[in-house]
Structure formats: C-alpha cells, structure tokens
Amino acid sequence: MRYPSPLRPGDRIGVTSSSSGVDKTLHDRLRVAIRTVEARGYEVVVGDCMDGAGHVSAPAAERARELTGMLTDPSIRAVVPPWGGETAIDVLPLLDWDALRAAEPTWMVGYSDLSTIITPLTLLTGVATIHGNNLMDTPYRVPDGLLGWLDIVALPPGAAFTQTPPGRYRAQGFDEWQTFPEADEFTLDTPGGWTRLDGDGPVRAEGRLIGGCVETLCNIAGTRYADTSSLAADGLVVYVEAAEHDAGTICRNLHGMRLAGFFDGATAILAGRTRAPGLLTLSQHEAVLDALGGLGVPILADVECGHVPPYLPLVNGARALVSYDDGRGEVTQTLA
C-alpha cells in the first residue's frame, strides 16, 4: 500500500464532480463547504466538471480527464467530490491508469457512487483512498469518537487511529440545504449500536479494508476494477452498504459479488446502517446474512459506513482491527 503525504496548511485540494454535479439551488451549501475546508488552511481548486443540470456534471471523457489531471498534479494533495450520483462507472475505462500509478500518491475521498472510482483506485494503483465523506457533508461537526476526512488526510503514513461510534444515528429526515445551507450539527435522534448477524459473542478481526456501496460495486464485481485478490493475502475486512435499493435487490447483488470473488479472503464483514426498505419476508439484515452467512466469518451490521449519519470514514487499503462486544464496536486503522 502507498499512502499520500500528510496535508499541511497551504496545500491545495481539488473539487470535481466525477458523477453528479451541483444544482444551482445548492450552490450556497457548496460555498459553505468550501469555506469549511479553507478554514483549515487549505486552498480549494474547483474544477470545470460541476454542472448540476443533468445526472452527470459533464461528458464522461471530460470528467475522466479532469479527475486524472487533479490526481496527477503534484500541487494538488487531495481530491474530493461534492457528493455521489448515478453513473460514475462510465469514467473507469477513460481514466489514464498508467499515469495514476506513476503519480505521487494523492488522497481521494468519496462514497456512494464514488465507490465506483475510489475502490478501483486502491485496487489498481495500490494508493489508499477514503470512503465515508463527501464535500457537502464536511461542514457538519464530527461527533466525539469519530474522525472526518480532513483529520485523516493530515495523518502521516504509519499513523494509527481508533474510531468509536457515538451510539446514536439519524433515523429519518434530511437537512434542507436549500433553506439552511450552513447546517453544521447532525440530528442524531435514535440510539443504536452495531448488530452481530451471524451469532452471539464478541468479535475481534483483522485485515485490510476494502468495500463500498453495494448498488454501484456490484456492477464492477468480476472485472479488473474490483479484483480484491491483490489485498487478500493480508486478509480482508470487507465493508458494504446499501443506499436505497430494497432487500431483495441487495441480497441478489451481494450474492453476485460473492460469486465474482469480491469477498474471497474476508476475515469479517461490516454492513452499513441503512434506511433502504425490506421486503415482506426479507429484511436488509436478512439479505446480508442470506448472501454472506456462508462465508463463515463474523458479520457486523449497522456500522456507520453508509448513507445514514453519522459517518465513520474507512481507508481503503489500511490495516484494520475491528472489535465488537454487546452492541459496542470500534475500528482501529493503521496507515501501513
């Protein structure tokens, strides 16, 4: 694994929408998010691929060119999208993978549809990426026990950090950024910890982290973009999360990913907390257990690695130690 150098005040951070852009009604929130990054001492460079009028910010070739340019520009030390979207998959074959492998490592951050890009970046270049934050969420204060992406990008290679979830989450609703663009406090209205799906008792598991959003990663499983074998020798802590698809679809997608070898070498599975619906006879928990229970490894659900606040960022490629006992969990990540 290769880890980017720690960011320092004065460094430049690139912003580009490799999937969906930002509608004009949300430009005030975008400006608030940029100011939050600048307040940490960084210079923000906003790319041209930001248009929010359609489902993508620009044609695929332009998005690929801009992302490649930012990731290979030695003056840009991190790249973050405003958020995810729908079809980042069209960028993958257009990225200059040789240039990305040859460049000095640069942090890339994202989740949701950006899993389609950051996970292949780690698997194909050996450079760590950060899953679990986007730019538009950055103004929120990070709850005690967790870190934000701005904290992680400032850590040196070899650093270790432990995150302990706060035991509360947002069960319903969203902040209306159009009317309240400066929202900076999570509404964590419901108590809840992690859930072990495969049995009882405490869990302690180690391995390299890899994973992302089920709805997007299932479409590249079995291709070179999602070949996890390069990391499997160290064991894998694989995390998955459902954004919105029902339990039947998620179950089918996870079965497909398993058949494609995505979970080979897993020592544990982390399934993100989700608001996605179940079926009459199949819950989201049951969907995960149905597809992955046969792996014979611990399966922990309701982890804060998905679309439900708060967010527990996970570094693709980092060494992880996952501990769980009686609903309380924590994960220590080492950038080595």
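Biologist: Hi! Which residues have the most contacts inside the largest nonpolar core?
Modeller: Val238, Leu254, Phe263 and Ile269 do, in a core of 47 residues. Bear in mind that this is a predicted model.

Biologist: And which helix gives the most to this core?
Modeller: That is helix H4, residues 115-125, with five residues.

Biologist: What does Ile269 touch, leaving out residues up to four places away in sequence?
Modeller: Its contacts include Val238, Val240 and Phe263. Ile269 also touches Leu292, Leu295, Val297, Pro298, Ile299 and Leu300.

Biologist: How many residues are in the second core?
Modeller: That separate core has 36 residues, among them Trp107, Tyr111, Tyr140 and Tyr311.

Biologist: Switching to the open sheet, what is the strand order?
Modeller: The six strands run S2-S1-S3-S4-S5-S14, with mixed pairing.

Biologist: Why is one side of S2 and of S14 left without a neighbour?
Modeller: Strand S2 (43-46) and strand S14 (314-316) are at the edges of the sheet and have a single partner strand each, so one side of each has no neighbour there.

Biologist: In which sense do S5 and S14 pair, parallel or antiparallel?
Modeller: Antiparallel, over three bridges, with S5 covering residues 129-131. Thr129, for instance, has Asn316 in S14 as its bridge partner.

Biologist: Nice. Which strands does H2 touch?
Modeller: Helix H2 (residues 60-72) packs on the sheet against S1, S2, S3 and S4, and its direction makes about 145° with that of S3.

Biologist: And where does H4 pack?
Modeller: H4 packs on the sheet too, touching S4, S5 and S14, and its direction makes about 145° with that of S5.

Definitions and conventions. Residues are numbered from 1 along each chain as its sequence is written. This is a predicted model: local features need pLDDT of at least 70, side-chain atom pairs count only at pLDDT 80 or more; totals for chains, interfaces and linings use all residues. Side-chain values use heavy atoms; hydrogens and water are left out. A nonpolar core is a set of buried Ala, Val, Leu, Ile, Met, Phe, Trp, Tyr and Cys residues joined through side-chain atoms within 4.5 Å. Buried means under 20% relative accessible area, exposed over 50%, partly exposed in between (1.4 Å probe, protein chains only). Helices (H or I, at least four residues) and strands (E, at least two) are DSSP runs, numbered from the N terminus. Contact means heavy atoms within 4.5 Å. Two strands pair if DSSP finds at least two bridges between them. Axes are lines fitted to C-alpha atoms, for helices over the stretch in contact, and angles run from 0 to 180 degrees between N-to-C directions.
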